[in-house]
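Thanks for taking a look at this one with me. My notes follow the model below, as a few numbered points.

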Amino acid sequence: MDAFDQRTISRRDFLTGSASGLGAAALGSLLAADLAASPALGAGGQGHFPAKAKSAIFIFLAGGPSQVDLFDPKPLLAEHEGKPLPESLTKDKQFAFISPRAKLKASRYAFKKRGRCGMDFSELVPHLAGCADDLTMIRSMRTDSFNHLPGHFLLSTGFRQFGRPSMGAWVLYGLGSESSDLPGYVVLTSGPVRGGGANWSNGFLPPQYQGVRFNSQGDPVLNLSSPRGISREYQRLSLDALGALNRIRAEEARDPEIEARIDAYEMAFRMQAEAPALFDLGGESRRTLDDYGLDRDFSDIVPTAFRENPREAAASFSKNCLLARRMVERGVRFVTVFHGDWDHHSNLKNGLAINCRVIDQPVAALISDLRRRGLLESTLVVIAGEFGRTCLAQGDDGRDHHPYAFSVLLAGGGVKAGHVHGASDEFGFEVAENPVHVHDLHATMLHLFGLDHLRLTFRTQGRDFRLTDVAGKVVHDILA
Amino acid sequence: MRVPLAMCLALAWSLTGLALGAAAGDDPVDYAGSIKPILARRCLGCHGPEKQKAGLRLDARKLALKGGDSGPAIVPGKAAESAVLERIVTSDASIRMPLQKPALPAAEIDLLRRWIDQGATWPETESGRRASSHWSFRPIANPELPTVQNASWPRDPIDRFVLAGLEPLGIAPAREADQPTLLRRLSLDLTGLLPTPEEVAAFLADPGPNAYEKAVDRLLASPAFGERWAGYWLDLARYADSDGFEQDDPRPFAYRWRDWVINAINTDIPFDRFTIEQIAGDLLPSATEDQILATGFHRNTPADREGGIDKEDARRRSIVDRVNTVGTVWLGLTVGCAECHSHKFDPISADEYYSLYAFFNDETDDVDRPTTAVRNDLERHALAVKAFEERVARLAEQVEKAPPEQKPKLQTALERVKKRGPPELKAELAVLGALNAPRRTHVHKGGNYKNEGRAVEPATPAVLPPLALRDPGRSRADRLDLAYWLVDPSNPLPARVEANRIWQNLFGEGLVTTPDDFGSQGARPGRPELLDHLARRLVQGRWSRKKLVRAIVCSSAYRQASRRRPEIDARDPLNRLIARQNRYRLDAEIVRDITLQAAGLLNPRVGGPSMRPPVPASFKSFAFQFRWATDPPEEVHRRAMYIFLQRNMVFPTLPVFDRPDTNVTCVKRERSNTPLQALILLNDPEELEAARALALRTFSAATRSIDAGLDELSRICLGAGPPPRERTVLAGLYAELRNRSAAAPSDAEALLAGAAFPPGRPADAAAWVGVCRVMLNTDAFVSRE
């Protein structure tokens, strides 16, 4: 058989069953899946081996949170405060803004062992610390980029540049969606996102795998509401006639794509009814709303610049965490929640205080809520930034980007509970043991979904591509 | 569909005089062209640089001869004693290579056998001019016109090639599409616009034998032709109006290059000149401003201006993007694979990659060339100054209202904005220019520029014809030499690649379905002789694209109906035989254009600065840098190709209809079909505005009689009055919506939104808007049939 580009086998061919050799029985479910914008083409919907995780919620703390101040205590820094690092450590290292001779800066926050497992957390994140016994903490993360955008793309898509499919797109490509009324891959944002949609792109995968960004205010999906003056009945009458016209055309042209369009309109009509229900929090108990901190007052937060709106981001984050749970309940496969900005070159003290206040409680609530509802086992929660921050000072009150050793948290979905993996050196500068690269994180996430990162491939531009590019190994030590 | 290897007769570059490896007789088998692809595809997965099962590695001669755990794998000159061959041909499936995969085709086994018998010639380094028997590297053939039985169907040689593929299978071509469908298809393909009811009427009324050709010529001469076909080129050129990356700054003068493309296509600048000017217009003797502007092609590369970046790394990444883009757009090759290591499948080594890179590195820099601001720019600048002033006023008000403890901080920020001042009017063209102190290029080992490998000179891949220096007195080739080389008639790739794209734009699918990969891993052309025929015609027709487009659209093959025939579908589901036209949903921009056109709202002004239509408020909440000042309605009703392409926040409805990411070159758009598209066509404010305008436009006819209204509506949208069944559905819909609107007068009023319908009949008007809205949503309206 000729080598070919997988894109040449279109959904159309899958629908007609002509190019793929799929049996007629598969067609019905494929059709349904197509309407959920995501038939599973990558691994036949079953995965390569039994899955632990059915869904994932990826909390992307964009900008580079300071692991030195949050997750990875380094008492030695206090002793060496104000001194540079040994040159042997910093030669060959690149930094975005500081010189390699910058001075060590200890964390100003107290760390304590938490949970039965005795995991260290700083006082900035008391709620998350309360989840210690649910978490795996990786303290030996590495990435390849010390700049934001390539770092974002590497974490979102496994590649430092534009154009590759994102994690959620790969998972959906592998497993399809279980939701008939909602997209299988949803993105929620609190604050601006560098690179925008390229972080949830389908890349070269078919477009039905792209993440759909839901707004937490107003219409959750672009044009979900009918325009003013168009009632549900008016819309129904219109769709009935449209369906009839399209069916006549389908009979004449015999184009299966028209049938798909008729069904897409029906799905849209159902979404118009169902998506608002997703956003209607009326059924949530007062306790749940309070746990997530939905009505907290952030009016005292001072914007640092006009273009950012931390108040808006703060207010939406709690809701986005709750929405993420509601989506997982409804079969959404992959939810990414962005929160930013954690880029604290200066204003570290204030910035961390605000951001931690915003995210600590709702993320902890999400994990506890999932556990209470029996969803944590099948839902992988990942909390990560594109890199961490230096143990070296930038100015009086800041830290620079640090890709060489940082921390990431995981919970549920088949990862160990109350477990610390890997370690950074005593300054928190380099990985000391069990390095985990972003590719390894991706390989492990796919593994938890029952997908082999080496086999989940897509052929284009003359070769097979995968999420992990040409690297990645599953971190078996963190699997439960 | 693979070309039988027996057909790959020894064809040599006449320039090199080298004989090629091929399958016939005892012709020498060429490693790079014939053996390497087999090893790469079948063996290297387990016996290559990454894995060495049984200790065996087959990607270098020395290692292959040394063999693995069970001894030497290849004995040069003795195929019968070579373990490699033995394991491939064995009948014991449990040990046959490749393990658990189908046996190798006989033709490949034969090649391997003969290659080993001939001494397993395997260049230690794959340098020096090489030849490859891969189809796309061979010179463009001059295929003889096939004889066909049905002499009346072919109008053009193209048809003979198509028919010659059908007749042996006993398949007859599809009948010709009906006249209104044909004109609608033609108008959409050539201009991206609907034929007006008047144009349809004139076409149907023209009894002359050349009515169709006359329509073709009219459309080819329309300025909208340049817009539509520039659109395809903009995808290839990854055109955008902003930098991308973190800062994503606007490029207010990028449109000048976009307009250059529209103009070049409208004036049918030959593709060779079009190429030369874009690759190296700045190096042409006494280059005009337009020729220099053409090099803006390369400045469409996203630019990283994030603080603290490694600037040299960013510069080099943009050169990598340029090399890869040129490789894809002109050569149809995935040269980018060789950035980090020699190409695993195609004969392009890392050295050769960096030799191409050198053309864009050694003597070239990005130049922002001052130019004269035109009226457009002045107007736009005045708007920008106004927006700045408004922003300052708004911020000052915010400071005023802020609680006392926040004031100082906000005040500082305000001062910062003020200090930066209003935008300057500095008209500049982003182009390429010469560098005073030449750089040297080294191979970047593993793609890492800090890991310098061998020094390389500007040069082209050895598998392609040699590069000639235009001035033999000079020792080094430059970008202009590269440009001439690309379009030299001896170079088989650009003409094939461009002809394939033209076909793709007129059939929805190319003859080669991987337009970005004409290499060994790409799809083979469905009809190789037809592709070569087209490529040859393109070159011989002085590279005129309009001529080739005209030939194709005038062919009988193009004019076929798109209706599927189940018995043929079963044999040829992808329509590789071209036994019909294809039917597909229109591109994102065109869906919007024809909607505005049907509504009578389209502003046909060609070119000029990009515009920003209104966007939903939610759109800005995730944008890292938000600058989107909405333009006045008349401006935003221009064609969608003029919507400001802000890389990090593409106008939200377009990507839903598969407008590609503008960050990398795109040679082929996807065509998805999703509920999100339905939501846009049903509910987007712009769509409803169009439905209302279309209703207004046709309301007086509808007031005369519903039938008259439906006739007019359907003629505008689909080029013909509705057939009886559709008419019944639409009339029924009108009656039901009218009842519904009469019962809910406030809904009717809201729907009409104060539009200038004749007073006194809101229920009729609201129902008619609904009918028009349904028409704009039909699959037939958004499709090209």
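1. Where is His344(A) found? His344(A) sits in the loop between strand S7 (334-340) and H13 of chain A (helices, H or I of at least four residues, and strands, E of at least two, are DSSP runs numbered from the N terminus). His344(A) is buried, at 7% relative accessible area (buried is under 20%, with a 1.4 Å probe and protein chains only). Setting aside residues up to four places away in sequence, His344(A) touches Gly351(A), Leu352(A), Asn355(A), Arg389(A), Gly398(A) and Arg399(A) (contact means heavy atoms within 4.5 Å).

2. A word on conventions: this is a predicted model, in which local features need pLDDT of at least 70, side-chain atom pairs count only at pLDDT 80 or more, and totals for chains, interfaces and linings use all residues. Residues are numbered from 1 along each chain as its sequence is written, chains are lettered from A in the order in which they are written, and side-chain values use heavy atoms, without hydrogens and water.

3. In chain B, helices H9 (residues 223-236) and H10 (residues 254-266) pack at about 125°, their axes 8 Å apart (lines fitted to C-alpha atoms over the stretch in contact, with angles from 0 to 180 degrees between N-to-C directions). The residues of H9(B) that meet H10(B) include Trp229(B) and Trp233(B).

4. Leaving out neighbours within four places in sequence, Trp233(B) contacts Trp257(B) and Val261(B), and its other partners include Phe271(B), Phe297(B), Glu498(B) and Arg501(B).

How values were computed: Buried means under 20% relative accessible area, exposed over 50%, partly exposed in between (1.4 Å probe, protein chains only).
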